[in-house]
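I opened my notebook to look at how the inside of this protein is put together. I started with strands, then went on to the core.

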Amino acid sequence: ETLGWVEGTSHTEVVAKLLSHLAYKEIEKRSLTQDLLEKYKEITLLFRTSEHIVDTLDDHEIAHLILKEAQQAFPSEEGTLMLLNETTEFIQRIAAFKPNEDSASTLKKATLLGQGLIGNIVASGRGEIVNQVASDPRCQAVEQACSNLICVPLKIKDKLIGAITLSSLRSQHYLSENLKLLTTLA
C-alpha cells in the first residue's frame with residue numbers, strides 16, 4: 001500500500017526506506033493493539049458473567065443473565081437461549097428478549113432439531129453467522145423477520161444441550177469476532 005512518496009536524489013532513498021519501515025511498524029502496532037482490545041473484551045465479558053453465575057444456580061436466571069450479557073456485547077434486537085429436549089428433539093426457548101413482544105409467547109416457541117435455519121445450525125454443532133437470512137435456503141418464513149443472525153450451539157463435553165441465537169433487523173452485519181466471542185460465552 002502506498003502511503004506517500006519521497007522526491008529527491010539517490011540519498012533520499014535511505015530516508016524513504018526508513019519512513020516505510022516506521023509506517024509498517026506503526027500498522028503492526030495498531031493490529032496488535034486491536035487484538036489485545038478484543039481479548040480484553042472477551043475476558044471482561046467472561047469475568048462479569050462468571051461472577052453473576054456464581055450467585056445463582058437456577059437455569060432460567062443463568063439463561064437470562066447470559067442473554068443480557070450477550071445483548072450488551074453484540075448489536076442485536078432479539079435473542080434466545082434454548083435447551084434441547086432429547087426425547088422430542090425440540091429446542092425449547094427458556095430465555096428470550098424481543099422488543100414489543102410478550103416474553104411468555106416468545107418462550108412457547110420451539111424449534112425442531114434439523115429443521116429451518118436455526119434447527120440446522122444447531123444440529124451441525126457449529127456456530128454460524130448468516131448475514132442475509134431471507135436468502136438462506138434453510139430459512140423458514142418465521143425466521144425471515146430478521147436480517148442477520150448469529151447462532152451458537154451450547155455443548156457440554158461435545159454433547160449438544162441447546163443454543164444461543166442473536167438477530168438483528170438492521171443492515172449491520174455480524175463479524176467473525178462476534179461469533180468467536182459468543183462461542184466463548186456459550
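Two strands pair if DSSP finds at least two bridges between them. I note that the model is predicted.

Entry one: strand E6. I looked up its partners. E6 covers residues 159-168. Strand E1, residues 78-85, is joined to E6 by 6 bridges, and the two run antiparallel. E5 and E6 also run antiparallel, with 9 bridges.

I then picked Ile-164 in E6. Which residue is its bridge partner? I found Leu-81. Val-152 also stands opposite Ile-164.

Next I checked the turn. The hairpin of E5 and E6 has 2 residues between the strands. There, Lys-157 takes a positive phi near 50°.

Is E6 mostly covered or uncovered? I counted 8 of its 10 residues as buried, so mostly covered, since buried means under 20% relative accessible area.

The largest nonpolar core has 21 residues. Among those with the most contacts inside this core are Leu-81, Ile-164 and Leu-166. I listed the elements that give two or more residues to this core: helix H2, strands E2, E5 and E6, and helix H5. H2 gives the largest share, 6 residues. Apart from this core I found another, of 16 residues, including Leu-84 and Cys-139.

I looked up what Leu-166 touches, leaving out residues up to four places away in sequence. The list includes Leu-67, Phe-74, Phe-97, Ile-150 and Leu-182. Glu-78 and Asn-148 are also among the residues touched by Leu-166.

Technical notes:
Residues numbered from 1 in each chain as written. Predicted model: local features only at pLDDT ≥ 70, side-chain atom pairs only at ≥ 80, totals over all residues. Heavy atoms only, no water. Core = buried A, V, L, I, M, F, W, Y, C linked by side-chain atoms within 4.5 Å. Buried < 20%, exposed > 50% of the residue type's maximum accessible area, 1.4 Å probe, protein only. Helix = DSSP H or I, 4+ residues; strand = E, 2+ residues; numbered from the N terminus. Contact = heavy atoms within 4.5 Å.
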